[in-house]
Amino acid sequence: MAFSLPCTNKGCGKIQNPYLDITDNKVYCSLCDKEIPGITPIVKNQMKMNKQFRQKQPKPFGVKCPRCGRDDRPKLVGQDIVCVGCNNPLDHLSEPFKIMLRDKLRTTNNDV
Ligand SMILES: [Zn+2]
Ligand SMILES: [Zn+2]
């Protein structure tokens with residue numbers, strides 16, 4: 001479960017899933033992108049456990065393809081994890097990561 005809390009910034013004030021920036025250990029609103037001050041270390045720890053970090057790329061389970069350089073969520077073709085850009089299998093990934101990814105892609109695809 002993602003951790004949510006109300007943003008304390010003026011003009012926002014919405015309940016959202018904030019994220020932690022590990023470079024400065026501050027919590028930011030995911031909607032207005034401003035710092036939410038006064039977050040206790042306990043909450044920050046909880047966010048760390050939830051892996052609610054500042055996302056560099058919005059796509060979950062994104063993988064950069066070494067062949068075409070596309071940074072996107074791959075698709076699952078049989079047991080192969082395939083780049084959506086060039087349709088080549090992403091065989092440079094480690095086996096544990098592939099197993100995790102297969103699992104995630106399978107459940108994610110069911111949502112669509
Ligand atoms: Zn906000
Ligand atoms: Zn590719």
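Of the 112 residues in the protein, 12% are buried, where a residue is called buried if 20 or more other C-beta atoms lie within 10 Å of its own, exposed if 12 or fewer do, and partly exposed in between, with C-beta atoms placed from the backbone. This is a predicted model, in which local features need pLDDT of at least 70 and side-chain atom pairs count only at pLDDT 80 or more, while totals for chains, interfaces and linings use all residues. Residues are numbered from 1 along each chain as its sequence is written, and chains are lettered from A and ligands numbered from 1 in the order in which they are written.

The overall dimensions come next. The radius of gyration of the protein is 17 Å, whereas a compact globule of 112 residues would have a value near 13 Å; the radius is taken over C-alpha atoms, and the globule rule is 2.2 Å times the number of residues to the power 0.38. Along the principal axes, the C-alpha atoms fill a box of roughly 45 × 30 × 25 Å. The domain assignment gives domain 1 (5-50) and domain 2 (63-111), with bounds that come from an automatic or database domain assignment. The centres of these two domains, taken over C-alpha atoms, are separated by 31 Å.

The secondary structure consists of two helices and eight strands, defined as DSSP runs numbered from the N terminus, with helices (H or I) of at least four residues and strands (E) of at least two. Read along the sequence, these elements follow the pattern β-β-β-β-α-β-β-β-β-α. Of the contacts in the protein with a separation of 6 or more, 31% are accounted for by residues 24 or more positions apart; two residues are in contact if their C-beta atoms, placed from the backbone, lie within 7 Å.

Two pairs of residues give distances across the model. Isoleucine 42 and aspartate 71 are 29 residues apart in sequence, and 34 Å lie between their C-alpha atoms. Glycine 38 lies in the loop between S4 and H1 and likewise counts as exposed, because it has 8 C-beta neighbours inside 10 Å. The C-alpha atoms of glycine 38 and histidine 92, which are 54 residues apart along the chain, are separated by 42 Å.

The nonpolar interior may now be considered. In soluble globular proteins, nonpolar side chains tend to be buried together. Here the largest nonpolar core has eight residues, namely Cys7, Tyr19, Leu20, Val27, Tyr28, Cys29, Ile36 and Met47. S3 and strand S4 (26-28) each supply at least two residues of this core. A nonpolar core is a set of buried Ala, Val, Leu, Ile, Met, Phe, Trp, Tyr and Cys residues joined through C-beta atoms within 7 Å. Leaving aside neighbours within four places in sequence, methionine 47 is in contact with Phe3, Leu20 and Gln52.

Proline 18 lies in the loop between strand S2 (15-16) and strand S3 (19-21). This proline is buried, because 24 other C-beta atoms lie within 10 Å. Not counting residues up to four places away in sequence, proline 18 touches Leu5, Val27, Tyr28, Cys29, Ser30, Ile36 and Gln52. Leucine 5 is 13 residues from proline 18 along the chain, and their C-alpha atoms are separated by 7.1 Å.

Attention now turns to helix H2, where leucine 101 is placed. Leucine 101 is partly exposed, because 19 other C-beta atoms lie within 10 Å. Not counting residues up to four places away in sequence, leucine 101 touches Phe61 and Ile81. The C-alpha atoms of leucine 101 and valine 63, 38 residues apart along the chain, are 9.8 Å from one another.

Lysine 51, in the loop between helix H1 (41-50) and strand S5 (63-64), has a positive phi of about 60° although it is not a glycine. Lysine 51 is exposed, because 10 other C-beta atoms lie within 10 Å. Asparagine 87, found in the loop between strand S8 (80-82) and helix H2 (95-111), has a positive phi of about 65° and is not a glycine either. Asparagine 87 is exposed, because 12 other C-beta atoms lie within 10 Å.
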